[in-house]
Amino acid sequence: MKKGYRELLDEANAEIEVVSPEEAAGLLDDEDTIFVDLRDPREVERDGRVPGAKHVTRGMLEFWIDPESPYHKPFFASGKSFVFFCAGGWRSALATKTAQDMGLSPVKHILGGYTAWKAAGLPVDPGEKK
Ligand SMILES: O=S(=O)([O-])[S-]
């Protein structure tokens, strides 16, 4: 590997803002903060969701953020703050770095992701765990 996942994660985490699940939970009712769930649809269905979070597949992220893109989603141009998360904090680290590089600001991600969120007993809309 020219650059492995660990190096990519280290580089991303050195440049982005990381918050604990508890810190992020303090923003849940903040109307100026949008939570962005980057997990795959099957994970969301199975494991549940953070109430009010927008689901964005990582594959479409750049195209939803960029206002020039035909796939742009206006909530990304709302001027609000963004809290990204995935299941464990890896995908969200890379996605947050990409979003930040694109100019989305402010954006941060949740350390340990949805797994840590649930383990901390924070609010969830339950999934259909099979
Ligand atoms: O990307 S991940 O931390 O959810 S495996």
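Biologist: Where does Gly127 lie?

Modeller: Gly127 sits in the segment that follows helix H6 (113–119). Helices here are DSSP runs of H or I with at least four residues, strands are runs of E with at least two, and both are numbered from the N terminus.

Biologist: Before we go on, what am I looking at?

Modeller: This is a predicted model, in which local features need pLDDT of at least 70 and side-chain atom pairs count only at pLDDT 80 or more, while totals for chains, interfaces and linings use all residues. Residues are numbered from 1 along each chain as its sequence is written, and side-chain values use heavy atoms, with hydrogens and water left out.

Biologist: Fine. What does Gly127 touch?

Modeller: Not counting residues up to four places away in sequence, Gly127 touches Glu45, Arg46, Asp47 and Gly48. Contact means heavy atoms within 4.5 Å. Gly127 and Glu45 are 82 residues apart in sequence, yet their C-alpha atoms are 5.2 Å apart in space.

Biologist: And why does Gly127 count as partly exposed?

Modeller: Because its relative accessibility is 31%. Buried means under 20% relative accessible area, exposed means over 50%, and partly exposed is in between, with a 1.4 Å probe and protein chains only.

Biologist: Asp47 was on that list. Which helix is the place of Asp47?

Modeller: Helix H3, residues 41–47. Asp47 counts as buried, because its relative accessibility is 14%. The side chain of Asp47 makes a polar contact with the side chain of Arg46 at 3.0 Å. A polar contact is a pair of N or O atoms within 3.5 Å; within protein, one must be able to donate a hydrogen and the other to accept it, and residues adjacent in sequence count only if both atoms are side-chain atoms. Leaving aside neighbours within four places in sequence, Asp47 is in contact with Arg39, Tyr114, Lys118, Gly127 and Lys129.

Biologist: New topic, the sheet. What order do the five strands form?

Modeller: The order is E1-E5-E4-E2-E3, in an open sheet with parallel pairing. Strand E1 (17–19) and strand E3 (54–55) stand at the edges with a single partner strand each, so one side of each is left without a neighbour in the sheet. Two strands pair if DSSP finds at least two bridges between them.

Biologist: How many bridges pair E2 and E4?

Modeller: Five, in the parallel sense. Strand E2 (residues 33–37) also pairs with E3, again in the parallel sense, over two bridges. Asp37 has Phe85 as its bridge partner in E4, and stands opposite His55 in E3.

Biologist: Which residues of E2 point one way, and which the other way?

Modeller: Thr33, Phe35 and Asp37 point one way, Ile34 and Val36 the other, and all are buried. In a regular strand the side chains alternate between the two faces of the sheet.

Biologist: Back to His55. What does it touch?

Modeller: Not counting residues up to four places away in sequence, His55 touches Asp37, Arg39, Asp40, Pro41, Val44 and Trp64. The His55 side chain reaches the backbone oxygen of Arg39 at 2.4 Å. His55 counts as partly exposed, because its relative accessibility is 27%.

Biologist: Now the largest nonpolar core. Which residues touch the most other members?

Modeller: Val36, Leu61, Phe76, Phe82, Phe84 and Leu104, out of 16 residues. The elements giving two or more residues to this core are E2, helix H4 (61–65), E4 and H5. H4 gives the largest share, three residues. Apart from it lies another core, of 13 residues, among them Ala24, Ala25, Val50 and Tyr114. A nonpolar core is a set of buried Ala, Val, Leu, Ile, Met, Phe, Trp, Tyr and Cys residues joined through side-chain atoms within 4.5 Å.

Biologist: Last one. Which residues are around the ligand?

Modeller: Cys86, Ala87, Gly88, Gly89, Trp90 and Arg91, where a residue is near a molecule or strand if one of its heavy atoms lies within 4 Å of it. A backbone N or O atom of Ala87 lies 3.1 Å from an oxygen atom of the ligand. A polar backbone atom of Gly88 is 2.8 Å from a ligand oxygen atom. For Arg91, a polar side-chain atom lies 2.8 Å from an oxygen atom of the ligand.
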